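The structure is shown first, and the notes follow by topic.

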Number of protein chains: 2
Amino acid sequence: MISRMDLLQSLAIENEKKMVLLVMDGLGGLPGEDGLTELEKAKTPLMDRLAAESELGLLSMVDVGITPGSGPGHLSLFGYDPLTWSIGRGILEALGVGAHVGAGDICARGNFCTVDADGVILDRRAGRIPSEESARVVEKLQKEIKSIENVKVTFYPGREHRFVVVFSGENLSEEVNDADPQKEGLPMRWAEARNEKALRTEKIINAFIRKVWEVLKDENPANGCLLRGFSSAPHIPSLKELYKIKPMALATYPMYRGLARLVGMEIGNAGETLEQLFDAVGNYWKDYSYFYVHVKYTDSRGEDGNFAEKVKIIEEVDRLLPKILDLKPDVLAITGDHSTPSFLSGHSWHEVPLLLWSPFARRCNAVEFGEKACSAGTLGRMQGDKLIGLMMAHGLKLNKYGA
Amino acid sequence: MISRMDLLQSLAIENEKKMVLLVMDGLGGLPGEDGLTELEKAKTPLMDRLAAESELGLLSMVDVGITPGSGPGHLSLFGYDPLTWSIGRGILEALGVGAHVGAGDICARGNFCTVDADGVILDRRAGRIPSEESARVVEKLQKEIKSIENVKVTFYPGREHRFVVVFSGENLSEEVNDADPQKEGLPMRWAEARNEKALRTEKIINAFIRKVWEVLKDENPANGCLLRGFSSAPHIPSLKELYKIKPMALATYPMYRGLARLVGMEIGNAGETLEQLFDAVGNYWKDYSYFYVHVKYTDSRGEDGNFAEKVKIIEEVDRLLPKILDLKPDVLAITGDHSTPSFLSGHSWHEVPLLLWSPFARRCNAVEFGEKACSAGTLGRMQGDKLIGLMMAHGLKLNKYGA
């Protein structure tokens with residue numbers, strides 16, 4: 001049987017129609033005492049008006065009862081079944097600090113540590129040095145270490161004692177065990193190849209670590225490093241080759257830019273504020289046909305357990321929406337990558353509300369955009385990874401299947 | 001791609017939260033002249049109040065249009081896709097008479113028959129002797145036949161001329177053809193192994209049948225027996241090993257206790273009446289985290305075609321519900337294993353109403369628990385085998401998938 005992805009690819013045609021996927025991270029919620037969720041409580045006159053002319057539904061990103069992380073949630077929205085296409089922890093961490101991990105590269109999560117003269121690890125986190133201190137050390141290292149045996153080395157500072165390193169070169173392998181004794185007071189445990197093909201990578205990694213120790217020998221407490229979670233970027237076919245669309249990602253947080261880059265989107269300058277993010281869409285409007293616009297703060301406020309503030313962010317998005325609507329997109333989808341109910345202060349398994357507007361929407365005459373309206377919407381419950389194909393249909397970017 | 005079962009297993013975490021699955025057998029119905037189904041007609045103030053705070057939906061146990069037997073219906077509720085995991089007719093018959101079929105055991109459905117001196121089968125059902133007569137014969141046999149070649153033999157009486165026998169020993173095989181000529185007036189057809197590994201079992205079965213004939217030689221008309229449907233217990237991974245839960249089954253009918261035992265539940269003393277069944281939950285509350293509570297009579301009255309009496313049973317369950325609610329379960333699911341509309345006097349393919357209560361329910365403000373309310377519920381239509389994972393999500397027993 002042909003997969004949905006292959007089917008869509010075989011039917012895809014290029015046209016000038018513009019599609020926008022507006023993701024409010026963690027949008028879905030749970031009702032408070034008055035029975036209204038964050039989205040239902042928010043005053044969103046524009047989205048409510050849109051809802052009346054749209055198709056509404058609920059998206060399941062992975063499966064019933066499964067709480068998606070940001071990786072699986074976004075893969076699903078981008079059209080990749082998250083149980084088939086997965087992203088390792090190391091890669092996601094790298095994306096989170098804005099690291100670029102290209103095809104064939106290997107990345108790893110690093111800790112600065114304190115090591116004694118005999119190579120015993122005294123403190124695996126170097127006293128949790130502050131982020132600024134860590135950034136200084138990373139800069140010093142990058143100046144001294146640019147490559148190891150023709151393999152390019154790139155450092156990215158993280159929070160506190162954490163950093164990310166990317167190795168770029170030929171014939172690298174992720175099949176290498178962690179260079180980390182896991183416990184303090186033990187001698188260093190060096191990287192170890194899991195098979196013969198990874199032997200060269202093992203050698204490079206251990207030479208790299210020795211070099212780091214050497215450069216840092218006069219530092220205190222961060223006079224060494226450990227490396228874990230060696231990972232290569234997953235090979236994911238790009239949206240461009242799959243669907244003949246020109247995708248542009250606008251996101252203020254590095255992890256989401258990274259996720260978009262993994263599926264072959266180009267990355268625009270989204271600025272730093274919500275206002276700048278929405279303004280950015282217009283800046284790239286002419287040259288792209290699919291816009292992924294990511295609003296982080298709905299999730300952040302939900303994670304904080306702050307119902308009222310999550311409501312405010314949603315209202316702010318509604319206020320900014322004209323910046324997109326004035327561009328007259330042909331297809332507009334508004335949804336989330338998962339639910340983050342304030343009541344749970346975390347991601348949850350609840351389905352995510354979806355509003356899909358196009359001139360060809362079989363509109364359901366809803367009076368507002370909210371979980372209950374979506375539950376009764378014309379789209380019903382849908383797997384998240386079907387959304388991109390549905391958007392393409394509304395953008396008249398899919399040929400008929402069969403004669 | 002990872003299966004849902006493996007996915008749930010990889011995400012499952014243990015905690016102290018208590019989940020209750022209350023199964024009203026054959027709950028789903030069809031409307032009478034006034035448009036109300038049995039469940040809608042029943043006065044169920046408690047379930048209606050719960051509905052307002054719950055998620056409602058409709059469960060499909062096998063597939064659209066497929067009428068489930070009790071085996072597939074329950075497997076689905078317990079989280080096993082009934083098209084992947086099946087239970088042979090022989091095993092189900094054995095479970096129905098309360099037989100215990102352990103790992104490695106073989107069971108068979110037996111008929112008492114009338115056989116002549118030359119071994120010709122005159123009557124395959126021994127004139128359908130009454131159940132009491134059959135029970136007397138079974139007792140006599142059990143006294144005389146305890147084992148055959150170190151294989152333990154256990155008899156269980158059934159209705160009329162039927163009984164069940166379980167063989168317990170080493171290296172037994174179910175790959176043996178029926179010991180039954182199928183037609184009357186033909187000579188006995190002895191058990192036949194389908195392959196070499198089953199030769200020992202063939203020998204034991206035929207020795208067993210000869211021994212039965214010998215013990216019964218002075219009986220009339222039940223002076224022989226036939227055996228069909230040799231089956232071993234299917235290997236089904238237990239709920240405990242899959243989901244880190246401690247499951248307790250409370251059911252007044254043996255077949256349902258047997259089904260629960262197949263998936264590794266422990267079996268409690270459920271008494272005989274509905275009142276005793278509901279009281280039993282409290283008796284085991286402390287030591288278990290998942291309770292399967294089975295109410296048989298909704299199905300029985302439906303099978304009788306008795307709409308009014310099925311309504312009464314549902315009302316009785318509503319009256320007894322406080323015995324469970326007072327225990328303060330963290331998650332409560334109320335549903336059936338299939339529909340048994342009185343109008344059809346039998347199982348049917350119609351989806352089964354589901355009420356799922358937890359503090360994290362995205363409640364749909366329904367005003368009653370009934371088929372129409374469930375059809376408009378926030379859960380929509382769902383495969384029955386997804387229920388257990390959704391219950392675990394609501395019990396906060398599942399980690400996030402992916403970072």
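Over all chains, a search of the whole structure finds 45 salt bridges. The model is predicted, and the values below are computed from it.

**Salt bridges within chains**

- Arg381(A) and Glu351(A) form a salt bridge through their side chains, at 3.0 Å from N to O. Arg381(A) belongs to strand E16 (residues 380–383) of chain A and Glu351(A) to the loop between strands E14 (331–335) and E15 (352–357), so the pair ties together parts 30 residues apart in sequence.
- Arg381(A) is partly exposed at 29% relative accessible area, whereas Glu351(A) counts as buried at 13%.
- In chain B, the side chains of Arg128(B) and Glu160(B) meet in a salt bridge of 3.4 Å, N to O. Arg128(B) sits in the loop between strand E4 (121–123) and helix H6 (131–144), and Glu160(B) in the loop between strands E6 (151–157) and E7 (162–168), so this pair links parts 32 residues apart in sequence.
- Arg128(B) is partly exposed, with 42% relative accessible area; Glu160(B) is also partly exposed, at 29%.
- Lys323(B) and Asp279(B) form a salt bridge of 3.0 Å, N to O. The pair ties together helix H13 (residues 322–325) and helix H10 (residues 274–284) of chain B, parts that are 44 residues apart in sequence.
- In chain A, salt bridges with shared partners join Glu275(A), Asp279(A), Glu316(A), Arg319(A) and Lys323(A) into one network.

**Relation and interface of chains A and B**

- Chain A superposes on chain B by a rotation of 122° with a shift of 0.1 Å along the axis, at an RMSD of 0.4 Å. That is the relation of a three-fold axis.
- Ala376(A) is the residue of chain A that comes closest to the rotation axis, at 4.0 Å (C-alpha).
- In the interface, 37 residues of chain A are in contact with 29 residues of chain B.
- The buried area is about 2500 Å², with 60% from carbon and sulfur atoms. On the chain A side, Val64(A), Leu83(A) and Trp349(A) lose the most area to chain B, together 24% of what that side buries.
- The rule finds 2 salt bridges across this interface. Arg4(B) and Asp63(A) meet in a salt bridge of 2.8 Å, N to O.

- Arg4(B), Met5(B), Leu7(B), Leu8(B) and Leu11(B) are the buried residues of helix H1 (residues 4–11) of chain B. They lie on the same side of H1(B) because they cover an arc of only 160° around the axis.
- These buried residues pack against helices H8 (239–243) and H15 (387–394) of chain B.
- The largest nonpolar core has 113 residues, and Tyr292(A) is among those with the most contacts inside it. H15(B) provides the largest share of this core, 6 residues.

How values were computed: Residues numbered from 1 in each chain as written. Chains lettered and ligands numbered in written order. Predicted model: local features only at pLDDT ≥ 70, side-chain atom pairs only at ≥ 80, totals over all residues. Heavy atoms only, no water. Buried < 20%, exposed > 50% of the residue type's maximum accessible area, 1.4 Å probe, protein only. Helix = DSSP H or I, 4+ residues; strand = E, 2+ residues; numbered from the N terminus. Arc of directions from axis to C-beta. Contact = heavy atoms within 4.5 Å. Core = buried A, V, L, I, M, F, W, Y, C linked by side-chain atoms within 4.5 Å. Least-squares fit on C-alpha atoms with pLDDT ≥ 70 in both. Buried area = accessible area lost by both parts, 1.4 Å probe. Salt bridge = Lys/Arg side-chain N within 4 Å of Asp/Glu carboxyl O.
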